[in-house]
Amino acid sequence: MKKQKRKYSNLHYSLIGTLVILLTIWLFLPKITNFNKPTPELVELPESVKESIKKIKPQKSFRVPILMYHYVEYVKDEGDTIRKSLNIVPFIFDQQVKTLKDAGFSFITAADLADALDNKASIDPKSVILTFDDGYRDFYTDVFPILKKYQVKAVVYIVPNFLDRSNNLTSWQLKEIAQSGLVEIGAHTMDHTYLSGLPLERVEYEVKQSKKYFESNFGIKVVSFAYPYGAFDNQIIDVVKRAGFKSAVTAIPGIFALDVNRFFLYRVRPGGKAGEALLELFR
Ligand SMILES: [Zn+2]
């Protein structure tokens, strides 16, 4: 009798053990896979999303190029090919801002665009949005001084759990940036997670918590979102809407911003283009 009881508890232990392992894998698998291989970006509208907007007629439409940046710096490690491929040197970025300014563009934020889509504010018909993903340290050291030099606005989409890492913005830098009045802080999930295909609870956590994080720790209102790797679907759009965001950007190429696609706004990759070659991208 005693022996049988002991057997039962062993079985219990191994069941609990298995459950703990499965739960750990579920929680950390996205992080592990993100870390080990570069996830390809989603650059086309998912079929299901295309289908769901087929019959909706846009009521409002703006021709606002949203420029997409990652690193802007002089890459020190010549062997870091991923970084180099995503990078634009600060001199070129300076020239791009100058080109846009000289061409008469107004620099607005994603929040400004959302207000215009909501008829709460008007925007200059010749507007542009500069967006920076992930919150790298060079945003403070290289981008921010150029924004201040030209007095132009930009949006930075930050991953809270990346803050204070050696390559990323510190909380103090972010505070200074947020208080400058030039930069809108947007959210980019808690862990830079590929959201498509994840359980709903995990998507909700990543989306809602990243908004709450900045609002409670930095006292700022966060209304703009960027999908990591540009990955989204109808269910994820719904979570982003319900969380109280007013817009979301993707990695899909395009220029028009419509009320219909405000939760999957398209963006332009400026690359190393400046002058006429940059303006040519908007035509
Ligand atoms: Zn990102």
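The sections below take the core, a strand pair and a helix in turn.

## Basis

This is a predicted model, in which local features need pLDDT of at least 70, side-chain atom pairs count only at pLDDT 80 or more, and totals for chains, interfaces and linings use all residues. Residues are numbered from 1 along each chain as its sequence is written. Helices (H or I, at least four residues) and strands (E, at least two) are DSSP runs, numbered from the N terminus.

## Nonpolar core

The largest nonpolar core has 65 residues. Such a core is a set of buried Ala, Val, Leu, Ile, Met, Phe, Trp, Tyr and Cys residues joined through C-beta atoms within 7 Å. A residue is buried if 20 or more other C-beta atoms lie within 10 Å of its own, exposed if 12 or fewer, and partly exposed in between, with C-beta atoms placed from the backbone. The members that touch the most others are Leu113, Ile129, Val156 and Ala248. Helix 5 (residues 110-117) is the main contributor to this core, giving six residues.

Contact requires C-beta atoms, placed from the backbone, to lie within 7 Å. Leaving out residues up to four places away in sequence, Ile129 touches Val64, Ile66, Leu67, Ile108, Thr109, Ala110, Leu113 and Val155.

## Leu117

Leu117 lies in helix 5 and counts as buried because it has 21 C-beta neighbours inside 10 Å. With residues up to four places away in sequence left out, Leu117 touches Lys60, Asp259 and Arg262. The C-alpha atoms of Leu117 and Ser247 are 9.8 Å apart, although 130 residues separate the two along the chain.

## Strands 7 and 8

Strand 7 (residues 154-158) and strand 8 run parallel and are joined by five bridges; pairing requires at least two DSSP bridges. Tyr157 has Gly186 of strand 8 as its bridge partner. Together with helix 7 (residues 171-179), the two strands make a right-handed β-α-β unit. Right-handed means that, with the strands pointing away from the viewer, the path from the first strand over the helix to the second runs clockwise.

In strand 8 (residues 183-187), five of five residues are buried. Val183, Ile185 and Ala187 point one way, and Glu184 and Gly186 the other.

## Helix 8

The buried residues of helix 8 (residues 200-218) are Val203, Glu206, Val207, Ser210 and Lys211. These buried residues pack against strand 8 and helix 9 (234-242). Just after helix 8, Gly219 takes a positive phi of about 60°.

Notes
Contact = placed C-beta atoms within 7 Å. Expected span 1.5 Å × (residues − 1).
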